[in-house]
Amino acid sequence: MSSSLHTHSYFSILDGFSSPEENLKRASELKLKAVAITEHGELTSHPYYAELKSKYPNVKQLFGIELYTCDDREIKDSNNKYYHTIAIARNEEGRKAINRISTFGHLHGFYYKPRVTNEDIVKEGAENLIILTACLASKLSRTEDYNECIKIVNECKAMFPYYFLEIQAHDNEEQEAYNKKIMCLAKDTNTPVVVTNDVHAATKEDLYYQDYFLLQIAGLLLFQNDSFVFLQGVFSVPGGHKAQQFGQFDHVRLFVYGNHLVGRHNSDAIIHRAYVRVKLFESKMRFFKYFGLFLRLPERKMPALFPAVFEVIS
């Protein structure tokens with residue numbers, strides 16, 4: 001059994017290329033059992049994924065978010081760093097908690113990004129959330145002192161009952177070094193590990209265009225000998241596997257670290273712990289013209305609870 005617990009679509013503005021349907025279609029083709037929806041600071045894609053549940057019934061949809069966390073959201077200073085943290089709803093209460101956390105960050109913690117603190121997350125019900133340490137933009141990655149990292153892990157474990165260290169299968173030296181660090185932390189703190197791949201594109205071919213998005217974020221667009229130069233980093237397929245021809249979902253089928261299969265059994269455990277079923281309400285789409293482009297927006301009769309009626313599956 002395999003799953004993708006860290007997945008972006010083009011709703012992670014300029015940091016995701018594929019549509020929700022392209023992600024679900026690729027996950028279905030690879031026979032993945034679940035996809036966690038973890039857009040950057042936003043929940044906008046959730047109803048679009050939910051609408052596709054009947055079309056891709058074999059892929060469980062886990063509702064989540066990649067939060068921007070900081071130590072003090074009251075500080076409006078560029079030196080007050082923020083970090084990435086994954087939160088996945090375990091149940092309906094967790095889904096509503098994620099809604100509140102995202103809203104709170106936009107209303108009370110916005111400074112370049114909608115920021116929240118770990119304490120803000122706990123106040124909304126940590127027992128209903130699964131927390132992953134995210135990517136190279138995590139606090140653990142950006143903290144050089146190893147003993148301080150041990151302290152951070154132990155503090156988070158005390159705050160979050162379902163806390164997992166996250167390793168990723170990107171083909172670059174920085175990620176490899178960070179994975180080694182995470183595995184050491186897992187051993188020294190007795191903390192479970194999950195494997196993800198921070199999916200930003202459904203197929204290998206789409207990664208080329210995703211790189212352009214990232215360069216727009218950086219304000220850079222360089223060409224060298226008519227070849228695209230990617231300055232931000234590499235989101236590529238892990239080498240040495242038969243599934244290399246696929247895109248960023250591939251690693252969840254098999255990820256070997258130090259000759260040991262790691263993380264996948266914990267990933268499987270998560271998709272059993274976190275599952276809600278969405279009963280969709282009737283929706284219509286309307287089009288309008290914006291700067292010469294025809295955009296499609298949902299026109300819905302919103303129920304009392306968004307997105308509709310949820311049923312917790314035990």
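Analyst: A residue is called buried when its relative accessible area is under 20%, exposed when that area is over 50%, and partly exposed in between, with a 1.4 Å probe and protein chains only. By that criterion, 51% of the 314 residues of the chain are buried. The model is predicted, and local features are accordingly reported at pLDDT of at least 70 and side-chain atom pairs at pLDDT 80 or more, whereas totals for chains, interfaces and linings use all residues. Numbering runs from 1 along each chain as its sequence is written, and side-chain values rest on heavy atoms, with hydrogens and water left out.

The chain contains 9 helices and 17 strands; helices (H or I, at least four residues) and strands (E, at least two) are DSSP runs numbered from the N terminus. The chain exposes about 15800 Å², of which carbon and sulfur atoms supply 52%; accessible areas come from the Shrake-Rupley method with a 1.4 Å probe, and for residues only the protein chains shown count as cover. Among contacts with a separation of 6 or more, 74% involve residues 24 or more positions apart, a contact being heavy atoms within 4.5 Å.

The charged pairs come next. Side chains of opposite charge can pair when their charged atoms come close. A salt bridge here is a side-chain nitrogen of Lys or Arg within 4 Å of a carboxyl oxygen of Asp or Glu, and the whole structure holds 9 of them. One of these joins D71 to K139, at 2.8 Å from N to O. Because D71 belongs to the loop between β3 (60-70) and β4 (82-89) and K139 to helix α5, this pair ties together parts that are 68 residues apart in sequence. K139 is partly exposed, at 26% relative accessibility.

Helix α3 (residues 92-108) contains R95 and E92, 3 residues apart and thus separated by about one helical turn. Their side chains form a salt bridge of 2.9 Å, N to O. Both partners are buried: R95 has a relative accessibility of 3%, and E92 one of 9%. Helix α3 also holds K96 and E93, again 3 residues apart, about one turn of the helix. These two meet in a salt bridge of 3.2 Å, N to O. K96 is partly exposed at 22%, as is E93 at 40%. Elsewhere, salt bridges with shared partners link R73, E74 and D120 into one network.

E144 sits in the loop between α5 (139-142) and α6 (146-159) and is exposed, with a relative accessible area of 80%.

Some buried positions complete the picture. S3, in strand β1 (residues 3-7), is buried at 2% relative accessibility; its C-alpha atom is 6.0 Å from that of V35, 32 residues away along the chain. A201 occupies the loop between β9 (193-196) and α8 (207-218) and is buried at 0%. The C-alpha atoms of A201 and S9 are 7.2 Å apart, although 192 residues separate the two along the chain.
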